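Here's a quick walk through a protein chain, from the overall make-up down to a few residues. Have the viewer open as you read.

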Amino acid sequence: MKHQHILTYLFLIALIPLSAKAFPPASPAGGNYLILDGVDDYAVLDFKTFGVLLPKGTAEFTFEAWVYPTTPPDENIFATILSQQVQMEVMSDNGQWENIKKLIDWQTGDLLLMIQGHITVEGKPATTGSRPIALSPNQWSHIAYQSDGKETATIVNDLAIIQPRGTVLAHDLVGFDHPKDFTLGGFGEKIRIDDDFFWGPFAGYIDEVRVSTVARYDVNKEGFTPRNKFRKDQETIALWHFDEPGWTQKFSDVSGHAHHLVGIGGARTGIPLAVEAQGKLTTLWARLKQ
Ligand SMILES: [Ca+2]
């Protein structure tokens, strides 16, 4: 038995550095994060209970998250990171963005992030329109959409695309085609936009999602990527750290506004490859004990 134990320790010591290399980097926000399989996983705030997150007339806000896209979506899918009054989606390069790609810092293999706000124009539902911005797969990026009442910015890390007008978000979502619930990761099903395109599920990881009633970032300065875990303040409407223990499917809002998200379809907290490696260690342990 003693020999077996020594052998096991040697194996464990050898395996830990090997598997550490295979882990995705920890989320910059720290702790666990939301894991979405890109098939049917999403997290939701039921619209009947929670309504819209921001009230009528909101002209100053920030929606933001740390995201780590994994499998790129099919070419006809807008993979939905976040949805309700603001839509955050990623698309694969489908050959239709050549002119845009020249204008942004797009590298081969990058996804295209699109963010838009739902607004009301002359009493009718409309969207702000959005200019795609490059988003790299298999790494963590901070993405945000904010309005300070005068400018609206779409942000990826230290890059911002600024529109020289504020955005007043629609509070009544009647007339918009997607479900009205606040969701992260899509809707658990594909939803037709037109004959050729669908909203669909996002594959990857999401961490540290915050909704605020203030524009958080001074995009006219350099280097505005947040470096620290967010804390709630007066302007925080919702803040999810996703630091619950692995496999949890309810995600606490720590803002004090009780917007507790529910994971559907298997959406859960964790650090996926760490769990996988732990599985390997368990298998190894079982094999050594035989
Ligand atoms: Ca976290």
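Predicted model: local features only at pLDDT ≥ 70, side-chain atom pairs only at ≥ 80, totals over all residues.

The protein chain has four helices and 19 strands. Of its 290 residues, 39% are buried. If you look at contacts with a separation of 6 or more, 66% of them join residues 24 or more positions apart.

Let's start with strand S1, residues 33-37. Four of its five residues are buried, leaving the strand mostly covered. S1 pairs with strand S19 (residues 268-270) in the antiparallel sense, over three bridges, and Tyr33 has Gly270 as its bridge partner there. S1 also pairs with strand S15 (residues 203-212), again in the antiparallel sense, this time over four bridges. In that pairing, Leu34 stands opposite Ile206.

Leu34 and Ile206 turn up again in the core. The largest nonpolar core holds 64 residues, and Leu34, Ile81, Val90, Leu113, Leu184 and Ile206 are the ones with the most contacts inside it. Strand S3 (residues 60-69) is the top contributor to this core, giving six residues. Take Ile81 as an example: leaving out residues up to four places away in sequence, Ile81 touches Ala65, Val67, Met88, Glu89, Val90, Leu184, Phe202 and Ile206.

Met88, one of those partners of Ile81, sits in strand S5 (residues 86-91).

Now for Val262, which belongs to strand S18 (residues 261-264). Val262 has 13 other C-beta atoms within 10 Å, so it comes out as partly exposed. Setting aside neighbours within four places in sequence, its contacts are Ala43, Val44, Gln249 and Lys250.

Here are two C-alpha separations to check in the viewer, one for each of these residues.

| Pair | Apart in sequence | C-alpha to C-alpha |
|---|---|---|
| Val262 and Val44 | 218 residues | 5.4 Å |
| Met88 and Phe78 | ten residues | 9.1 Å |

The Val262 and Val44 pair in the table is also a contact pair.

Terms used: Residues numbered from 1 in each chain as written. Buried ≥ 20, exposed ≤ 12 C-beta atoms within 10 Å, placed from the backbone. Helix = DSSP H or I, 4+ residues; strand = E, 2+ residues; numbered from the N terminus. Pairing = 2+ DSSP bridges. Core = buried A, V, L, I, M, F, W, Y, C linked by C-beta atoms within 7 Å. Contact = placed C-beta atoms within 7 Å.
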